[in-house]
Amino acid sequence: MKQLKINECFLSIQGESTFAGLPCVFLRLSGCPLSCSWCDTEYAKDEGEYLSFDRIVKKLLSFDVDRIEVTGGEPLAQEPTLELLQSLCDRGLAVLLETSGALDISQVDPRVHVIMDIKCPGSGMTGRMHWSNLKSLLPHHEVKFVCQDRQDYEFARKIIKDNDLSNKVTVLFSTVTGRLAPKDLVAWVLEDRLRARFQLQMHKYIWPPDQRGV
Ligand SMILES: C[S@@+](CC[C@H](N)C(=O)[O-])C[C@H]1O[C@@H](n2cnc3c(N)ncnc32)[C@H](O)[C@@H]1O
Ligand SMILES: Nc1nc2[nH]cc(C(=O)O)c2c(=O)[nH]1
Ligand code: SF4
Ligand SMILES: [Mg+2]
């Protein structure tokens, strides 16, 4: 029986990406092989329970919302995730996948809206990037740079330029909450006339930033 280790499942508004502000059901998978210095979901590393696909799908559908984000933890670290994503697409749902960039995305169903981090130096995880993912990106995918300082920003700017990312996908810039002033990152993006979308984690402004399940 196919199963996945699940940390939490809840209804909220999407706080990030081009889908920000829209109702969305979140499925947070347990476990992550990375350890970003600023990770806000460390609780998802170990905590969780194994649920069958049937129970997961039943739970997701019970919210009666046709947009689902699969996140984590690192969702692609569990092999059955690929099949779950496909079956959610087959049901006609809009499926978003939030992934670190460290695992291969080439086998993800092309209907999925992949939102892929490119880990900047401040995360400590740049060396873990699966760089050939850049070749697997589709026009409806989004890449996200989460920056904690100027060094991270300059790294992101170089990756965007060297790979012509703004012409291929939506490029998102985000601050590490509490580590970089949003106005500084916005000023840099504007100064360089980058074709990128600035975002904040909206849910951390609506609810206390450390609240789970929102
Ligand atoms: C918790 S991760 C889960 C998905 C996947 N492991 C990843 O890193 O993309 C979801 C998103 O939250 C972002 N994130 C985690 N901690 C953050 C923080 N302290 N400030 C801003 N964004 C953060 C990550 O960079 C990622 O884009
Ligand atoms: N509301 C809300 N939006 C989100 N977008 C991405 C999230 C994540 O943790 O991956 C997230 C989250 O945890 N909550
Ligand atoms: S990859 Fe995602 S879940 Fe894993 S440590 Fe980094 S931010 Fe946290
Ligand atoms: Mg989050």
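Predicted model: local features only at pLDDT ≥ 70, side-chain atom pairs only at ≥ 80, totals over all residues.
Nine strands make up an open sheet, and the pairing is mixed. The order is β3-β1-β2-β4-β5-β6-β7-β8-β9. At the edges stand β3, residues 49–52, and β9, residues 197–199. Each has a single partner strand, so one side of each lacks a neighbour in the sheet. From one strand to the next, the twist averages 30°.

Two helices pack on this sheet. Helix α4, residues 150–162, touches β7 and β8, and its direction makes about 155° with that of β7. Helix α5, residues 182–191, touches β7, β8 and β9. Its direction makes about 145° with that of β8.

Now β6, residues 113–117. How buried is this strand? 5 of its 5 residues are buried, so β6 is largely enclosed by the rest of the structure. Look at the two faces. H113, I115 and D117 are buried on one side, V114 and M116 on the other. As for pairing, β5, residues 94–99, runs parallel to β6 over 4 bridges. Within that pair, E98 stands opposite I115.

Next, the annotated site. An unreviewed UniProt entry carries the annotation "binding site" for I13, Q14, G15, R28 and T71. Where are they? Take three of them.

Q14 first. Q14 lies in the loop between β1, residues 3–13, and β2, residues 23–29. Is Q14 buried or exposed? Buried, because 20 other C-beta atoms lie within 10 Å, and 20 is the threshold for that class. Leaving aside residues up to four places away in sequence, Q14 touches F19, A20, G21, L22, C24 and E69.

T71 is in β4, residues 67–71. T71 also counts as buried, with 20 C-beta neighbours inside 10 Å. Strands β2 and β4 run parallel, joined by 4 bridges. R28 has T71 as its bridge partner in β4. Beyond four places in sequence, T71 touches F26, R28 and E98. That is the E98 that stands opposite I115 in β6.

Last, ligand 2. Which residues are around ligand 2? They are S12, I13, Q14, G15, E16, F26, T41, T71, E98, H203 and V214. By class, this shell has 3 nonpolar, 6 polar and 2 charged residues. I13, Q14, G15 and T71 are in the shell, and the UniProt annotation covers these four too.

Methods
Residues numbered from 1 in each chain as written. Chains lettered and ligands numbered in written order. UniProt positions renumbered as here; feature names shortened; annotations may be inferred. Buried ≥ 20, exposed ≤ 12 C-beta atoms within 10 Å, placed from the backbone. Contact = placed C-beta atoms within 7 Å. Near = placed C-beta within 6 Å. Nonpolar A, V, L, I, M, F, W, Y, C, P; charged D, E, K, R; others polar. Pairing = 2+ DSSP bridges. Axes fitted to C-alpha atoms, helices over the stretch in contact; angles between N-to-C directions.
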